[in-house]
Each structure stands twice: as C-alpha cells, then as structure tokens.
Amino acid sequence: MLRGMLTAAALAALLMPGSACAAPTVFPTGTTIYKPDKCWNGYTVLSNVMFGEHRLHRGVPLYDMNGNKVHVWKDVVGFPPLVMPGGKLLAAKVHEPVPQLGGDMLVELDFDSNVIWSYDGGTEKERKDPKTGKTVKVRSVQQHHNLVRWPQSAGYYAPGQDPDPQGDTLFGSYIASRAVGALESTKRGTASVNSNDLKVVLTHDKQISWTWNTADYISDTLRTAGRPNPDGSPTLGGNSLAWLGPNKWFDQGDQRFHPRNLIMNNYNDTIYIVDHKTGNVVWQLGPDYSKYPQLAKLGLQLTQFQSTFGGQTGGMLHHAHMIPRGLPGEGNILVFNNGGNYSIVTEFNPVSLDVVWEYSGLEIGYCESHSLAHYFFSPAISSAQRLPNGNTLITEGDGGRIFEVTPDRETVWEFINPEYDWPGLGWGRKTAEPKMTNMVYRAYRIPYEYVPQLPVPEQHPVLPAANTEFSIKPEPETVAYDRTAQDKVRDSAKQFHDDIDNAEVLNFRSY
C-alpha cells in the first residue's frame with residue numbers, strides 16, 4: 001500500500017508545473033540559429049551587470065550575427081550599455097572595492113575605450129574592502145537598471161532617434177531617499193519597503209535638471225493594492241525607466257503621453273507613466289489586474305491559475321517601454337513578464353489595453369503540460385526590443401539566451417552567451433562560492449553603421465540539425481560492464497521494498 005502511495009505522490013510531483021521546467025546540461029553556445037534573409041542584421045551588445053568582482057575586467061562585449069566577439073569596451077559596466085553612433089558607448093565605471101550592484105560614475109567612451117565625458121557627482125558611500133577588511137569611502141552615483149540618452153527614448157535603436165551627443169541622460173540611482181524617515185512612520189507598518197530609488201535627468205553639462213523620488217510619490221496603489229499575496233520583494237523601486245518619446249497618442253491630444261513623460265514599473269507588477277513637469281502618476285496599470293482581465297497575466301495573482309496544471313503566468317516585470325516611433329507597433333507598450341512558471345513577452349495598446357502580440361511557450365504551440373511550454377522562462381532580468389523589420393529581439397536573461405523572432409514567432413536567430421562569469425542573483429544566501437552562470441541582464445541590436453571602425457562582417461547562415469537527429473558521439477574507448485556493482489544496486493532496492501511490505505504500523509499523520 002505504501003509503495004502505491006509513494007508512486008502516486010511521485011506522479012503528482014511530475015505533474016507539478018515547477019518540476020516541468022528543466023534545462024539540458026549539455027548545449028552549444030554562441031550562435032545556434034541564423035537565417036540572414038529573415039533577420040534585422042547588425043551587432044548585438046550584451047550587458048555585464050556588476051556583481052562582486054567577477055565581471056570587473058570583462059568590459060562590454062559586442063557580437064556579430066555569427067556569434068563572433070568583434071569588440072570590447074574595456075573596464076566598464078553596462079547596466080545596460082548604450083551604443084551610440086561613431087562606435088561610442090555610454091556606460092558606468094566602478095571603484096574598488098567593487099559594489100555588489102550599480103555604477104559609481106557615468107562615462108562615455110570612444111571606440112578605443114577612452115573617456116570623452118563623465119559624471120561622478122554622486123554621494124559618499126562606505127564599503128568594506130574584502131582584501132584588507134578595512135572600510136573605505138568612495139563617491140558613487142549608484143546607477144542601475146537604466147541608461148538612456150535623449151532623443152533615444154527606450155534605450156535601443158529606432159530610425160530618427162540616434163542619441164544626441166549633447167542630449168540629456170536618463171538613469172536610475174540607488175540614492176538614499178530624503179523621505180525615508182516620514183515613510184517609516186506613515187506607510188511601512190510591519191512591511192519591509194526600501195524606497196531609496198531615484199530617477200535622474202542629467203544635462204550634458206552635468207547639471208541635474210529633474211529627479212523623481214519613489215518615496216515622495218508612494219501610495220497604496222503603487223504598493224500592493226490588489227495583491228493579497230505580494231511576492232515579498234522588499235522595494236518599491238523599479239527595473240524599467242524610459243522616456244515615452246514622440247507618439248501618436250500625444251499627437252492626437254492625449255496629454256498623458258507627452259514625449260518627455262517617463263514610463264516605469266516597480267516590483268509589484270505595476271507599470272505607470274509619470275508627468276515630466278509635476279511628477280504625478282498620470283497613467284497606471286496594476287497592481288490589481290481584475291480591472292482589465294485581458295492583461296491579468298501581467299500580475300502575479302496567486303489565487304488564480306491559467307490551467308489545470310496551475311501555470312502562474314504573471315510575476316515580476318522587466319523593460320516596460322513604449323515602442324518608439326519609426327518601428328512597427330509604435331505607440332504600443334512592450335514588456336517582458338517574467339512569470340511564475342513561464343515567461344511571456346506582451347505588446348499591448350496603452351489606451352484600449354488590448355493585447356496586440358505575445359510570445360510564450362504556449363503561443364508557439366506547446367501544451368501546458370509539456371516542459372517546452374515552460375522552457376521559455378526567466379525568473380528575473382530580461383528584455384524585449386522591437387526591430388525595424390517588425391521582428392522582436394528577446395533576452396531570456398537567466399539562461400543567457402538572446403533570440404530574434406518574426407511576428408509569426410519563428411526563431412530566426414538564437415545566441416547563447418558563452419561567457420560564464422556571473423554568479424546570479426541571491427549570491428551568498430546558500431553558498432559562498434556559487435557556480436558561475438551566463439546570465440545577461442539585457443541585450444540590444446544596433447545597426448552595423450553605428451560602429452564604422454569595424455568592417456561589415458560576413459554573414460553565414462546557421463541551420464542546425466533537427467533535435468531528433470542531433471546527438472553527441474560516444475568516446476571510442478570501451479568500459480567493461482561491472483555486474484557486481486549492478487547487483488548491489490538491485491539488492492539494495494529489493495531490501496527497501498521488502499522493508500516497506502513487512503512494516504507492521506504505517507502512520508501517515510506526520511506527512
């Protein structure tokens with residue numbers, strides 16, 4: 001009887017959605033699929049988020065379509081990086097001892113990694129030097145998650161939106177909030193809420209022209225309203241920040257969508273637009289998604305499920321932005337929904353709230369009970385970029401996978417990051433020396449012309465064999481069969497089942 005119950009329990013575990021998510025242990029890296037005639041061809045720049053000392057000297061890499069690393073901007077952190085015309089890069093530098101997250105100073109580099117512009121007007125921070133054990137003071141702007149140069153609005157290439165060499169720079173900063181004291185007594189209660197999140201607009205002559213402080217505009221609707229089971233994230237800060245840029249909604253008279261207004265999202269599944277003059281929230285989606293069921297999947301509704309297999313589709317959001325003018329889908333909002341068991345990229349109309357396009361394991365045809373429906377999944381980080389030909393470049397960040405899909409969801413380019421140098425999020429909670437991963441926070445595609453110092457590369461199609469035909473050949477050496485070892489395993493299993501069958505008392509109350 002007990003054996004039967006154990007078998008039933010094992011079967012139930014196999015049907016749990018979390019157990020269906022598994023990645024292979026052996027797989028190729030670099031470019032694994034490439035159909036040049038269906039792609040928007042160019043270079044791809046990868047972020048190298050600073051986390052401890054593991055990525056200090058890696059720099060920001062640039063890859064061609066065939067997966068060749070063609071250039072590196074040295075000794076900078078891309079969180080994310082912004083490649084500009086002329087082979088220039090907007091990124092951040094860090095001081096030793098290395099911070100866990102964020103950049104200490106903003107820098108603009110030329111192609112040869114020479115600093116041609118910088119900003120270090122941050123605040124003084126104390127850090128413990130792991131080499132000496134001493135506490136040292138450094139100055140840091142604590143830049144994180146976002147870095148955009150006007151008139152580029154979403155952080156990636158769009159026709160007619162090349163970053164202005166003299167334009168304003170937009171970034172997020174982990175600067176301590178001046179309103180934290182008041183917030184402690186009036187809003188936090190027993191919850192843990194970290195409000196040290198500042199949005200900054202910096203002029204090219206290094207003057208701060210605008211700031212927006214999360215703590216000053218905190219409200220119940222920006223916290224966890226409609227979220228009886230919030231995900232436990234301790235901050236109201238966010239991981240997405242962009243200008244709206246020119247758009248048809250504003251042209252039609254809707255003042256909520258002024259090009260200079262900013263779109264953000266926080267860690268409570270809320271996307272919102274902030275007026276660039278008043279700082280007021282003028283448009284908001286979430287956290288209570290019961291108001292618009294067509295977008296309910298964007299919120300982590302722990303009391304609702306998408307199928308009999310309990311697939312939670314909502315969860316942390318990343319890279320919420322308005323698709324820039326000049327690109328297919330312009331004016332719609334594009335967001336990477338990390339999800340609970342599988343991820344979804346969603347494009348929707350911000351006025352009607354109708355879903356325009358989605359990408360997920362379900363959308364490409366897999367049943368919910370199959371692991372491949374859940375295989376497209378990144379529990380954190382990640383992004384989506386609309387390309388000029390209508391394709392979408394998706395960064396499935398947790399597994400270091402960047403791929404380009406057509407509007408019909410055909411994968412026409414796929415790249416697996418070959419560099420394993422990031423321990424991932426949560427480092428230090430379980431082990432002091434975690435395995436390195438190939439995680440990529442965000443990736444952007446840029447035109448070849450942005451880097452004139454490099455010749456336009458040759459483009460060679462990459463057409464892999466079908467999985468049913470792809471295998472790894474065994475080594476030529478022969479290993480003899482060990483009958484004794486096999487018998488020991490068999491006898492041990494038989495003894496286990498005999499012990500169960502002979503048990504006199506079965507008490508299940510402890511389960």
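Strands β20 (residues 333-337) and β21 (residues 344-348) run antiparallel and are joined by five bridges, strands being DSSP runs (E, at least two residues) numbered from the N terminus. The model is predicted, so that local features need pLDDT of at least 70 and side-chain atom pairs count only at pLDDT 80 or more, whereas totals for chains, interfaces and linings use all residues. Residues are numbered from 1 along each chain as its sequence is written, and side-chain values use heavy atoms, with hydrogens and water left out.

Both strands belong to an open sheet of four strands, ordered β19-β20-β21-β22 with antiparallel pairing, where two strands pair if DSSP finds at least two bridges between them. Because β19 (317-322) and β22 (355-359) stand at the edges, each with a single partner strand, one side of each is left without a neighbour in the sheet. The twist averages 15° from one strand to the next, the axes being lines fitted to C-alpha atoms and the angles running from 0 to 180 degrees between N-to-C directions.

Within β21, valine 345 is the bridge partner of phenylalanine 336. Of the 49 residues in the largest nonpolar core, Val345 and Val451 touch the most other members; such a core is a set of buried Ala, Val, Leu, Ile, Met, Phe, Trp, Tyr and Cys residues joined through side-chain atoms within 4.5 Å. Another core, of 21 residues, lies apart from it and includes Ala242, Leu244, Phe257 and Ile271.

Serine 383 is placed in strand β23 (residues 383-386) and, at 1% relative accessibility, counts as buried (under 20% relative accessible area, with exposed over 50% and partly exposed in between; 1.4 Å probe, protein chains only). Residues up to four places away in sequence not being counted, serine 383 touches residues including His319, Phe336 and Arg442, contact meaning heavy atoms within 4.5 Å.
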